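Here are a few exercises to work through with the model open in your viewer. Try each task before reading its solution.

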Amino acid sequence: MFIHLGGEKIIRAAELVAIFDLSIEKSSKISKQFITYANKNKKVEVIGEEESKSLVVTQTKVYYSPISSMTLKKRAHHLLTN
């Protein structure tokens with residue numbers, strides 16, 4: 001199964017680790033450190049030109065998605081429960 005993250009980016013549902021609202025990046029010291037580490041290791045990808053609304057963490061990358069975390073969670077939940 002696959003999850004559309006926005007733009008032309010699709011990932012395998014099995015790769016998904018977590019979906020966060022972008023506000024977590026500013027409110028949590030640990031998440032800031034995690035993103036900094038991912039940036040240093042070139043493991044971050046911004047999807048599309050639109051403003052990012054969510055962070056999607058997979059086994060190999062962190063994606064900034066223009067789709068809201070709630071919408072992405074609904075898509076993932078739908079795939080995982082069917």
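## Exercise 1: The surroundings of a serine

Leaving aside residues up to four places away in sequence, Ser-65 touches Leu-5, Ile-47, Ser-52, Lys-53, Ser-54, Val-56 and Leu-72. Keep in mind that this is a predicted model.

**Task.** Find the strand that holds Ser-65, decide whether Ser-65 is buried or exposed, and find which backbone atom of Leu-5 lies 2.4 Å from a polar atom of its side chain.

**Solution.** 
1. Start with the location: Ser-65 belongs to strand E6.
2. Next, check accessibility. Buried means under 20% relative accessible area. Ser-65 has 0% relative accessibility, so Ser-65 counts as buried.
3. A polar atom of the Ser-65 side chain lies 2.4 Å from the backbone oxygen of Leu-5. The side chain of Ser-65 also reaches the backbone nitrogen of Ile-67, at 3.1 Å.

## Exercise 2: The sheet around E6

**Task.** Work out the strand order of the open four-stranded sheet, then describe how E6 pairs with E4 and with E5.

**Solution.** 
1. The order is E3-E5-E6-E4, and the pairing is mixed.
2. Strand E3 (16-21) and strand E4 (44-46) are the edge strands, each pairing on one side only.
3. E4 and E6 (residues 62-65) run parallel and are joined by three bridges. Val-46 has Tyr-64 as its bridge partner in E6, and Val-44 stands opposite Val-62.
4. E5 and E6 pair in the antiparallel sense over four bridges. These two strands form a hairpin with three residues between them, and Leu-55 stands opposite Tyr-64.
5. Finally, look at the faces. In a regular strand, side chains alternate between the two faces of the sheet. For E6 both faces are covered: Val-62 and Tyr-64 are buried on one side, Tyr-63 and Ser-65 on the other.
6. Helix H2 (residues 29-40) packs on the sheet and touches E4, strand E5 (54-58) and E6, with its direction at about 105° to that of E6.

## Exercise 3: A charged pair

**Task.** How many salt bridges does a search of the whole structure find, and why does the pair of Lys-61 and Glu-45 tie together parts that are apart in sequence?

**Solution.** 
1. The search finds one salt bridge.
2. Lys-61 forms a salt bridge with Glu-45, and the closest N and O atoms are 2.9 Å apart.
3. Lys-61 sits in the loop between E5 and E6 while Glu-45 sits in strand E4, so the pair links parts that are 16 residues apart in sequence.
4. Both ends are partly exposed: Lys-61 has a relative accessible area of 26%, and Glu-45 has 24%.

## Exercise 4: Hairpin and core

**Task.** Describe how E1 pairs with E2, then name the residues of the largest nonpolar core.

**Solution.** 
1. E1 and strand E2 (residues 9-12) pair in the antiparallel sense over four bridges, and Ile-3 stands opposite Ile-11 in E2.
2. Their hairpin has two residues between the strands, and Gly-7 takes a positive phi near 55° there.
3. The largest nonpolar core has 11 residues: Ile-3, Leu-5, Ile-11, Ala-13, Ile-19, Ile-47, Val-56, Tyr-63, Ile-67, Leu-72 and Ala-76.
4. Strand E1 (2-6) and helix H3 (69-81) each supply at least two residues of this core.
5. Another core, of six residues, lies apart from the largest one and includes Leu-22, Ala-38, Val-62 and Tyr-64.

Key. Residues are numbered from 1 along each chain as its sequence is written. This is a predicted model: local features need pLDDT of at least 70, side-chain atom pairs count only at pLDDT 80 or more; totals for chains, interfaces and linings use all residues. Side-chain values use heavy atoms; hydrogens and water are left out. A nonpolar core is a set of buried Ala, Val, Leu, Ile, Met, Phe, Trp, Tyr and Cys residues joined through side-chain atoms within 4.5 Å. Buried means under 20% relative accessible area, exposed over 50%, partly exposed in between (1.4 Å probe, protein chains only). Two strands pair if DSSP finds at least two bridges between them. Contact means heavy atoms within 4.5 Å. Axes are lines fitted to C-alpha atoms, for helices over the stretch in contact, and angles run from 0 to 180 degrees between N-to-C directions. A polar contact is a pair of N or O atoms within 3.5 Å; within protein, one must be able to donate a hydrogen and the other to accept it, and residues adjacent in sequence count only if both atoms are side-chain atoms. A salt bridge is a side-chain nitrogen of Lys or Arg within 4 Å of a carboxyl oxygen of Asp or Glu.
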